[in-house]
Amino acid sequence: MSYALIVAEVRRGVFEERNLDSVGLAALLGKETVLFVPEGPYQIPEKIADTIVRAKTAEETFLNPLNLTKMLEQIFAGRGKPDYLIFTQSSSGMECAPYSAGFFGLPVITDVSAYDKDKGIFYKSYYSDKVFGEFKPAGGAAVVLTVRSGSFKECAAERSVAAKIEELSGIAETEGRVFIEYVEEEKSDIDITKADFLLSVGRGIGNKDEIPAYEDLANKLKAVLSGSRPVIDKMWLPKPRQVGTSGKTVKPKVYLAMGISGAFQHIAGMKDSDCIIAVNKDTEAPIFQYAHFGIIADIHKVRDKLKEIVNG
Ligand SMILES: Cc1cc2nc3c(=O)[nH]c(=O)nc-3n(C[C@H](O)[C@H](O)[C@H](O)COP(=O)(O)OP(=O)(O)OC[C@H]3O[C@@H](n4cnc5c(N)ncnc54)[C@H](O)[C@@H]3O)c2cc1C
């Protein structure tokens, strides 16, 4: 049977809007569309697909690629492998799509943002949409796709009749890892991405007791205090203040880095700042390669000197 299977995302009881991008791409592909969903009381448009397969399992089971592939195997056993197995380009889609591709021996094309129906070509972007790659499944093979949010929603036309509902028994046991809970990001009244001047401190400050003195300097300079990951991991500053790949990307007018070595995960979050000033006692610290101005000195001495200057 020729069909596109969409793995839907339901998060905390809500059928995610970005599923419509997967539905839209499936419509462009012109295949019968089967939507695979977890059980739950959430709202779902009843004419969204030709068939809805509802697994008797909680939404969290869909977060685990090992569980998911076990359930997909059950679907494939009844219908055969789909021509397209579609995920959203989300944190779970990015995890489950390549795993499923490996598990079922299928090729994968991630972050699809456009599709040329005549040529059968999928497009994905590189360099923040400056360049697009064109991809075609070799020999017309079945393929796993992840779909960029906002790319195909308008193609998601309603069916004339409500979807046929099928039930899947789900899986008896959770494999490999257990989902515990969702944890909300710590709320913060300060948004470091909006600051013009960031004073960012790293492990080089030594210990938590130094934070008030740097906070005081930040206030005097009309700057906002941020930090590198070790400072956040040690809970010297709250998580929303973290700069870097697993924190925030910032682009202030001035980025003053004190006691930060310049690991690439940190640099990725601040390298586009207009003016980077680095203070470090190590002349070889990588941060100096990105800094417009560098001061080789003890940060605490520089801090005290700056306070003296601002105090007049
Ligand atoms: C998956 C992953 C994600 C990550 N995400 C992030 C991220 O989002 N943000 C991030 O920052 N890191 C991130 N990291 C961690 C990153 O690899 C580095 O470990 C981290 O950036 C180092 O922080 P640091 O520069 O404060 O500490 P260090 O590398 O320990 O550097 C401290 C610096 O302070 C200097 N110093 C010490 N004392 C003084 C002094 N008295 N005066 C002057 N200089 C002094 C030292 O010479 C040194 O250069 C991530 C890592 C991984 C694996």
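Colleague: Which helices each supply at least two residues of the shell around the ligand?

Modeller: This is a predicted model, and in it 26 residues surround the ligand, with Gly202, Gly204, Arg229, Gly244 and Ser261 as the closest. The helices that each supply at least two residues of this shell are H5 (229–233), H6 (264–270) and H7 (299–311).

Colleague: Which element gives the largest share of the shell around the ligand?

Modeller: By class, the shell has six nonpolar, 15 polar and five charged residues. The largest share of the shell is three residues, and the element that gives them is H6.

Colleague: How far apart are the centres of domain 1 and domain 2?

Modeller: The domain assignment of the protein gives domain 1 as residues 3–168 and domain 2 as residues 192–311. When the centres of domain 1 and domain 2 are taken over C-alpha atoms, the separation between them is 42 Å.

Colleague: Is valine 147 buried or exposed?

Modeller: Valine 147 has its place in strand E10, and, not counting residues up to four places away in sequence, valine 147 touches Asp21, Ser22, Leu25, Ile86, Thr88, Gln89, Val112 and Phe152. Its C-alpha atom and that of aspartate 111, which is 36 residues away along the chain, are separated by 5.1 Å. Because 32 other C-beta atoms lie within 10 Å, and a count of 20 or more is what the term requires, valine 147 is buried.

Colleague: Is serine 151 buried or exposed?

Modeller: Serine 151 is found in the loop between strand E10 (143–147) and strand E11 (164–168). Apart from neighbours within four places in sequence, serine 151 is in contact with Asp21, Ser113 and Ala114, and although leucine 20 is 131 residues away in sequence, the C-alpha atoms of serine 151 and leucine 20 are 9.5 Å apart. Because 20 other C-beta atoms lie within 10 Å, and the cut-off is 20 or more, serine 151 counts as buried.

Colleague: How far apart in space are tyrosine 115 and aspartate 209, C-alpha to C-alpha?

Modeller: Tyrosine 115 is found in strand E7 (residues 108–116) and, with 19 C-beta neighbours inside 10 Å, counts as partly exposed. Leaving aside its neighbours within four places in sequence, tyrosine 115 is in contact with Leu25, Leu28 and Phe122. Tyrosine 115 and aspartate 209 are 94 residues apart in sequence, and their distance in space, C-alpha to C-alpha, is 55 Å.

Colleague: Where is valine 279 found?

Modeller: Valine 279 is buried, with 27 other C-beta atoms within 10 Å, and its contacts beyond four places in sequence are Ala257, Met258, Ile295, Ala297, Ile299 and Val302. Valine 279 and leucine 256 are 23 residues apart in sequence and 7.7 Å apart in space, C-alpha to C-alpha. The element in which valine 279 is found is strand E15 (residues 275–280).

Colleague: What is the phi of arginine 12?

Modeller: Arginine 12 is found in the loop between strand E2 (10–11) and strand E3 (14–15). Although arginine 12 is not a glycine, its phi is positive, at about 50°.

Colleague: What is the phi of lysine 222?

Modeller: Lysine 222 is found in the loop between helix H4 (211–221) and strand E13 (224–227), and with 10 C-beta neighbours inside 10 Å lysine 222 counts as exposed. Lysine 222 is not a glycine, yet its phi is positive, at about 60°.

Technical notes. Residues numbered from 1 in each chain as written. Predicted model: local features only at pLDDT ≥ 70, side-chain atom pairs only at ≥ 80, totals over all residues. Near = placed C-beta within 6 Å. Helix = DSSP H or I, 4+ residues; strand = E, 2+ residues; numbered from the N terminus. Nonpolar A, V, L, I, M, F, W, Y, C, P; charged D, E, K, R; others polar. Domains from an automatic or database assignment. Buried ≥ 20, exposed ≤ 12 C-beta atoms within 10 Å, placed from the backbone. Contact = placed C-beta atoms within 7 Å.
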